[in-house]
Amino acid sequence: MSSTNAFTRRGFLTASAGAAGAITLSPLLAACGNSAGKGGASTKAGIQAVLPTFKPLAGGVTPDIPVVSGADGAMTNPGFVKYPTNLVKTVTGKVGSGGTYTAVAPSWNPIPPAGNAYYAAVNRALGANFTSQPANGNTYNTVIPPLIAANKLPDWLAIPGWLNPTFNTGGLVGTRLADLTPYLGGDAILEYPNLAAIPTGGWQCGVWNNRLYGIPSYTDGMDVAGAMLYRRDLLEAKGITPAVKTAADLMALGKEVNNPSGGVWAFDDNRVYLYQVFKVPIGSWYLDNGKVKSANEHPQLLECLDFCNQLAKAGLLHPDAVAGVKTSNPSRFNAGKVIIIGGGLGGWTASDAETGSAAKPGYRVGAFPVFSSDGSTPSIGLTSSSGWVSYLNKNLSPDRIKECLRIANYFAAPFGSYEYNLINFGVEGADYTMGPDGPVRTTEGSNTAADNVYNFFSSAQAQVYNAGYPDITKDLEAWYADAAKYAYKPLFWNLNITVPDQYSKIAAGTELDDAATAVSTGKQPLSYYQEALATWKSSGGDALATWYQQNVADKGLS
Amino acid sequence: MAVMAEGPAVPEEARPKSEAPSRERRSQKGTEPIPADRRRLNFRARLRRDRSLIIMITPVVLLLLVFNYLPMFGTVSAFEYYDPIYGFFHSNFIGFKNFTDLFGDANFWHAFQNTLVLSLVQLVLYFPIPIFLAILLNTVISTKLRSFIQAVVYLPHFFSWVLVITIFNQMLGGAGLLNQFLRRHHMATWNIMSNGGMFKYLITFQAVWKEAGWGIIVFLAALAAIDPALYESAAVDGASRWRRTWHITLPGMRGMIVLMLVLRLGNALNVGFEQMLLQRQAVGPQHAEVLDTFAYYYGIGNGNFGYGAAAGLFKGVISLILIYAANKAAHRLGEDGLYRK
C-alpha cells in the first residue's frame, strides 16, 4: 500500500525501466511539446553516422565470469565472484582543468551533506570543482520541469529514460542540451577510452534526431524485462526441483505449493513477466506483415491474460497481490508468503538476500530458465540498453564540454579500477575498509559515498558482483548466458521517438493497463479487456499505429 | 478543486445577539438591519477600529490568495496541450479539445457516475451518524466517562488513510485475520477488501470508523448552546425523553445540521481521493474510479496535465452549482445556510 524506497539503485533501474517498458511504452518514447511539435525519430543511417566507435578497454580487470555473446547482439555483463585485489589505473594525466560545474541527478538515499570529505576527494582526483546536487528521486519528475521552464538547467543533467515523455527530452536536445556528436561521434570518442568501452547500445539511447546528445550510464550488454523467480530454499525443503518448461508446468507447480491455510500462496501478480513466456512482443509495437500494430492487440497477449486469469481463479494468487497491496522490506516473496514471483533481475542482489535471510535464514532465490507457454523454442525481448542518460548544457563552451567529457571518462572507469573504487566507495580508511569480500563502508562512507551519485552522469558497462553472495552472481550469470541464446531486438529497439501531442493520452494506455490488471487478478473476464481494447483502438489507438507506420516504419527508421 | 473545505463553523448561538439581530426581530421592529453607528463612521475610522481584526485575518487571506486563488489561473492549462517546458504561456492552445475528448470518454462518465453513487451512499449512511453519536454522548452525565468516550472516538481521525486501510486489510483482507481464521476452520472465506459490489459500503464503513467521531464536535457545540431550562420545563410538564429529543434537541441542532448538509453537498464530488487511490486496484477502476482518481491517473499520472485539469475544472463547476443550489434550498426552508440572507 505504501511505496517505500526499498529499491537499490540497480534494482530500481531494471525493475522500473523494464516493467514500464513492458507494460505500456518503450521508456525512450517521448511525448512532445512545441518546437518538436510534429514528432519523429532518427534514421538508421543517421544513427550509424553518429554512433561512437566501440573499443574495449585494454588492460582492464579480467572478470571471473566472462561475457557471453548470444543471439541478435545480446551480450551478458561481466561477472565478479570476488572483489579484485589489484586495482588498475585507467585514467592517466590531468582530468579537469579547474572548471566549476554543477550537476543534478536523482537520488533515492538521504542527501549527503554538501562539501563533505568524499566529494572533496573526488574533486581532488578530477582536478575540477564538480558539485553534484542530488535531488529526491521520488519527486524528480516534478523537480526538473520548473528548472526547464525557468531556463535554469544545470551544466550537467541526468534524465532517467522513463522521464523522457515528462521532460520532453526530444524538445530539449539542441535547444537546451548540447550536441555531443563532434566530440564523441565515430573515432572522436577514442580520446576517452573508458567512454569508448561502453557498449554501442547505450550510446544509441542518447541519439535524438540523428545527433548524439546523451551519455549513457549503467549500460547493459543485454537488458531484459525480468524473469520468473522462485524461492529455491522453500522448494528444496519440500524436495521439489522445478522443471518448468510450459505454462501448464507452471500452473501445476503452483497448485503443488499453494497452501492458503498456512498463509502461503504460489504466485504474486506476474502478468508483465509472463509476457515473455507467452511471446507477447516487448515494447509497445510489432510488425505484422509489414504493418505496425500495438502489442496491446497481439493475440498472445490475450492468451497470457487468460492464463493469468485462470491462476487467479484457481486461488493461486496471494490475496494482497489481487488487492494490489504493495509491501517491501520484506516483500511477500522475501517473507515466504509467495513462492513464485515475476521480477526485474536488478532486484536479485546481495541486499535482497540480506532482507530475505533476516526473514528466514537460508533464503535463496532461483530463476526458471526462459521457457515458452507451449514448450516451443522460447524467445526473450531486449529492453533498451541504458535506462539512464545524462546531458550537458548547451551554454557550455567547447573547452568546457571537453573538460566534462574527460570527467565523464573518469566516472566511466570499470569495476576493479582505482577510479571506480574512489567513485563508488571513497577513500580507504575514511569511507571504507577492505574486508575479505571487498570494501566495507564505514559510517562516514555510508552517509556520503554510498549515494553513488557520480554514476548517474556516466558509468562503465554494468557488471554483476554481490559482496558476500558469490552464488547469486553465479546463478544470475548462468541464467543470462542461457537467456542470451533466445534474445531478440523488438521493433523500435533503442530508438528515441517523439510522438505528437495529440497522441500522448492514447499512448499512455492507462485504461488498457487497468483492464489487463483486472483480468489478470481474476476480477473481470477476458472480454472486459477486449472491450477496453476495442474502445482504445477506435478512440485513437489505431490512429497512433498509423502514425508510427507513416512516420517511423515506412521511413525505414526502425 | 474543492470549492469549499469543511469550513470552521461558528455555531449561530455562540454569536452575541447584539451584533447579528435575527430576521424575526428585524421584521418585528421594522428597523434598519445595519446598526446606525456603523454607517456614520468613515473608512479610516472603521479601519482604525477594526485594526486588530484585520491584522489577524491578513495571513489567512494571503494564504487563500496564494494557495487557492493564484492556482486558479492554472486552469488555463485545461485549454492547452500543457507542457511544463513551455509553461502556461507558450504551450499549444487547443480551445475546448480537452473537454470534447473528456465528454467523449466513457471512462470519464464512468468515474462521474461512481462519484455520484459513492457520494449518495455516503450521504445516506454516513451523514446521520455523527448526529446520533452527538445526541447519545450528550446524554452521558459523567464528565469523566464523556471525555474518555470523546478521546476514543476522536483518535481514528488522526490516523492516515494508509494506516487505516492497512489495518482494514490486516483484519478483513483476503490474507487477513478474519479469512485466515475461516480458512483454518474450513469455512468459506469472505474477502471484503477486493469485492467490487461491497466497495461502496466498505468505504463508507471506513469513513465512519475514521471520521464520524471527529464529526460530532460541531454538533456537540450546537447541543451545548441549547438552554437546559427548556429540558427542565419540558420534564416538569411530563415530556418523555423521546419527546424532549424530538421537540427540543433536534430543533436546537437544526441550523447546524442544515449548514453541515449544505457544506457536504458542496463537497459531494469529493469522495475521498486518498481512500480511492489506495484501494483502486483492490476492486478495480470500474468500482473505485472517481473524478479525482481519474484526473490523477489520466492527467498527472501520464503527463497529460491539460486533460486532468479539464476533468478537475468540470468537477469544480459542478461543485459550485451544487453548493449554490443547496444554499438556495436552505434559504427557502428558512435556514441560514452558508450565510444569512
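## Where the chains meet

In this predicted model, 35 residues of chain A are in contact with 37 residues of chain B. Several elements of chain A give two or more residues to the side that touches chain B. They are α4 (140-149), α5 (164-167), α6 (169-172), α14 (319-322), α20 (504-508) and α21 (510-520). α21(A) gives the most, with five residues.

What kinds of residue make up this side of chain A? The residues divide into 14 nonpolar, 15 polar and six charged.

## Chain B as a whole

Chain B has 341 residues, and 31% of them count as buried. Its elements are 18 helices and two strands.

Next, take the contacts in chain B between residues at least 6 apart in sequence. Of these, 68% join residues at least 24 apart.

## A hairpin in chain A

Now turn to two strands of chain A. β13 (285-288) is joined to β14 (residues 291-294) by four bridges. The two strands run antiparallel. Y286(A) stands opposite K293(A), which is in β14(A).

β13(A) and β14(A) form a hairpin. How many residues lie between the two strands? There are two residues between them. N289(A) is in the turn and has a positive phi of about 55°.

Most residues other than glycine have a negative phi.

Where is Y218(A) found? Y218(A) is in the loop between β9 (215-217) and β10 (223-224) of chain A. Is Y218(A) buried or exposed? A residue is buried if 20 or more other C-beta atoms lie within 10 Å of its own. Y218(A) has 25 C-beta neighbours inside 10 Å, so Y218(A) counts as buried.

K279(A) has its place in the loop between α12 (271-274) and β13 (285-288) of chain A. K279(A) is buried because 22 other C-beta atoms lie within 10 Å.

Definitions and conventions
Residues numbered from 1 in each chain as written. Chains lettered and ligands numbered in written order. Predicted model: local features only at pLDDT ≥ 70, side-chain atom pairs only at ≥ 80, totals over all residues. Buried ≥ 20, exposed ≤ 12 C-beta atoms within 10 Å, placed from the backbone. Contact = placed C-beta atoms within 7 Å. Nonpolar A, V, L, I, M, F, W, Y, C, P; charged D, E, K, R; others polar. Pairing = 2+ DSSP bridges.
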